[in-house]
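Subject: Structure for you, with notes

Hello,

Here is the structure you asked about. My notes follow below it.

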Amino acid sequence: MSGGRINRRMLLRSAALLTPLAIATPTVSARTSTFKRLDPNSPVARSLLYVEDTREVPKDHPLASRHSPEQKCLNCAQLRGEAGETWRPCPAFAGRLVNVGGWCTIWQGR
Ligand code: SF4
């Protein structure tokens, strides 16, 4: 039965082709491992009033009225990444990591 051998060969070739792909496909964690922490003093962070600690939102800032003490990155619908990590990606700040205890003006409840 040569058809059976061909199928086995095809399977082995497919497996040989897929194995490097599986190794080369990075996990979310690996993709974000090159991200740097967002600098709260950077223009983009300042424009959204990002702070690394939700308790440090300046009360006198015009955008501070959007803030309430229980809001933080950890309970924001925008937060991505792995549970348990202190610094995680957020699509509001592409390529950067935000502190799970932080906050910005586009906080969104889950
Ligand atoms: S959008 Fe949400 S997770 Fe991202 S920095 Fe603002 S509060 Fe944090």
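**Overall build**

Of the chain's 110 residues, 28% count as buried (under 20% relative accessible area; exposed is over 50%, and partly exposed is in between, with a 1.4 Å probe and protein chains only). This is a predicted model: local features need pLDDT of at least 70, side-chain atom pairs count only at pLDDT 80 or more, and totals for chains, interfaces and linings use all residues. Residues are numbered from 1 along each chain as its sequence is written, and side-chain values use heavy atoms, with hydrogens and water left out.

The chain has 3 helices and 3 strands. These are DSSP runs, numbered from the N terminus: helices are H or I with at least four residues, strands are E with at least two. Their order from the N terminus is α-α-β-α-β-β. Take the contacts between residues at least 6 apart in sequence: 59% of them join residues at least 24 apart. Contact here means heavy atoms within 4.5 Å.

**The cavity and the ligand**

How many cavities of 30 Å³ or more does the structure hold? There is 1. The search ran on a 1 Å grid over the protein atoms alone, and a cavity is a set of points where a 1.4 Å probe fits but cannot get out. Grid points are joined across faces, edges and corners, and a volume is the space filled by probe spheres set on the points. The largest cavity has a volume of about 80 Å³.

Its lining residues (an atom within 4 Å of a point) are C73, C76, Q78, L79, C90, F93, V98, W103, C104, I106 and W107. By class, that lining has 10 nonpolar residues, 1 polar and no charged. Nonpolar covers Ala, Val, Leu, Ile, Met, Phe, Trp, Tyr, Cys and Pro; charged covers Asp, Glu, Lys and Arg; the others, Gly among them, are polar.

The ligand sits in the largest cavity, meaning that more than half of its atoms lie within 2 Å of the grid points. Around the ligand are C73, C76, Q78, L79, C90, F93, V98, C104, I106 and W107, each with a heavy atom within 4 Å of it. This shell has 9 nonpolar residues, 1 polar and no charged.

**C73**

C73 is in the loop between α3 and β2. C73 counts as buried because its relative accessibility is 11%. Beyond four places in sequence, C73 touches Y50, L79, V98, N99, V100, G102 and W103. W107 is 34 residues away along the chain, with 7.2 Å between the two C-alpha atoms.

**T105 and L49**

T105 lies in the segment after β3 (96-99). L49 is in the loop between α3 (43-47) and β2 (87-89). The two are 56 residues apart along the chain, yet their C-alpha atoms are separated by 6.1 Å. T105 is buried, at 8% relative accessible area. L49 is buried too, at 7%. Apart from neighbours within four places in sequence, T105 is in contact with L48, L49, L63 and R66. Look at the backbone of L49: phi is positive, about 55°, although L49 is not a glycine.

**R37**

Is R37 buried or exposed? R37 is exposed, because its relative accessible area is 52%. R37 lies in strand β1 (residues 36-37). Setting aside neighbours within four places in sequence, R37 is in contact with W87, R96 and L97. The C-alpha atoms of R37 and F93 are separated by 10.0 Å, at 56 residues apart along the chain.

Best wishes

Notes. 1 Å grid on protein atoms, 1.4 Å probe; cavity = no way out; pocket = protein on both sides within 12 Å on 5 of 7 lines; lining within 4 Å.
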